[in-house]
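Work through the exercises below with the model open beside you. Try each task before you read its solution.

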Amino acid sequence: MEPTDPAGPTQRDWTDEHVARWQPVLPGLDPVVEGAVTRMKKLSVHLRRVREQSLLDFDLERHEFDTLHKLAGRGGSAAPSELAQDLDLAPASVTGRLDALEKRGFVRRTPSTTDRRRVVVELTPSGRETWLGAMDVLGHEEDRLLGVLDEDERVLFNDMLRRIMVVAEETGGTEAWHG
C-alpha cells in the first residue's frame, strides 16, 4: 500500500526502487516493513556522514568530540573518573584524551576545591564553542529533515520510534544503545 499525501502524489525515493526490486525475489517481503527499516538505516548513515563531516570541519577526532560531549553533558565540569565511566573507558585512556584536549585548549584540569588530591576537568570557552559548533551542524540537518513534518507529526513519529525502541531494548539490553 502506497502512502498518500493530501497535497498530491507521494514522491518516490531510492527505497521505493529497492523494495520493488526485491518483492519479486522475496514474495513474503512486507514492503512497508522493508521500506521503513531501509529508510531508518539510510537516515542513520546520512546523519552519521553529516556528523563526521562536522567533525572534519571543526578539526575534531571522534573521540575528542565524544569526550567534550560527555563533559558538556555533566555541566562542563567532571572528575576524570566520571568521564571514564561515561565513556566506558579505562582511566588511563581518559588521561590520554584529556592531555590532548588540554593541549588544544579545549579543557583545563584544576585541583578540586573539596579534595586537593582530586582533579576537576572543565570545558574551556574554546572547547564549548567547538563542541557547540559541531553539534549545530548536525542539529540543523536534523531540523531540516524533520522539518517536512508538522509539529503533531513529529510528536507522533517520535512516539512511534519510542515504541519500536522499547521492544528493541527489551531483547538486546540497554548497554548497546547508549552513546
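Predicted model: local features only at pLDDT ≥ 70, side-chain atom pairs only at ≥ 80, totals over all residues.

Residues are numbered from 1 along each chain as its sequence is written, and side-chain values use heavy atoms, with hydrogens and water left out.

**Exercise 1. Work out the strand order of the open sheet.**

Step 1. Know the labels: helices (H or I, at least four residues) and strands (E, at least two) are DSSP runs, numbered from the N terminus. Two strands pair if DSSP finds at least two bridges between them.

Step 2. Take E1 (residues 77–78) and E3 (residues 119–123): they run antiparallel and are joined by two bridges. Here alanine 78 sits opposite valine 121 of E3.

Step 3. Take E2 (residues 107–111): this strand pairs with E3 over five bridges, again in the antiparallel sense. Arginine 108 faces glutamate 122 in E3. Threonine 110 has valine 120 of E3 as its bridge partner.

Step 4. E1 and E2 are the edge strands, each pairing on one side only.

**Exercise 2. Describe how H5 packs against H3 and against H4.**

Step 1. Two packed helices are described by the angle between their axes and the distance between the axes. Axes are lines fitted to C-alpha atoms, for helices over the stretch in contact, and angles run from 0 to 180 degrees between N-to-C directions.

Step 2. Start with H3 (residues 62–73) and H5 (residues 91–103): their axes come within 10 Å and cross at roughly 90 degrees. The two helices are therefore roughly perpendicular (65 to 115 degrees; under 35 is roughly parallel, over 145 roughly antiparallel, the rest oblique).

Step 3. List the contact (heavy atoms within 4.5 Å): His63, Glu64, Asp66, Thr67 and Leu68 in H3 meet Arg97, Leu98 and Leu101 in H5. By class, there are three nonpolar, two polar and three charged residues. Ala, Val, Leu, Ile, Met, Phe, Trp, Tyr, Cys and Pro count as nonpolar, Asp, Glu, Lys and Arg as charged, and the others, Gly among them, as polar.

Step 4. Turn to H4 (residues 80–87): the axes of H4 and H5 come within 9 Å and cross at roughly 105 degrees. H4 and H5 are therefore roughly perpendicular too. Pro80, Leu83, Ala84 and Leu87 of H4 touch Pro91, Val94, Arg97 and Leu98 of H5. This contact has seven nonpolar residues, no polar ones and one charged.

**Exercise 3. Which residues line the second largest pocket?**

Step 1. Define the term. On a 1 Å grid over the protein atoms alone, a pocket is an open set of points where a 1.4 Å probe fits, with protein on both sides within 12 Å along at least five of seven lines; lining residues have an atom within 4 Å of a point.

Step 2. Read off the lining: Ser44, Leu47, Arg48, Arg51, Arg62, Leu138 and Glu142.

Step 3. Assign elements. H2 (31–57) and H6 (125–146) are those that give two or more residues. H2 supplies the largest share, four residues.

Step 4. Sort by class: two residues are nonpolar, one is polar and four are charged.
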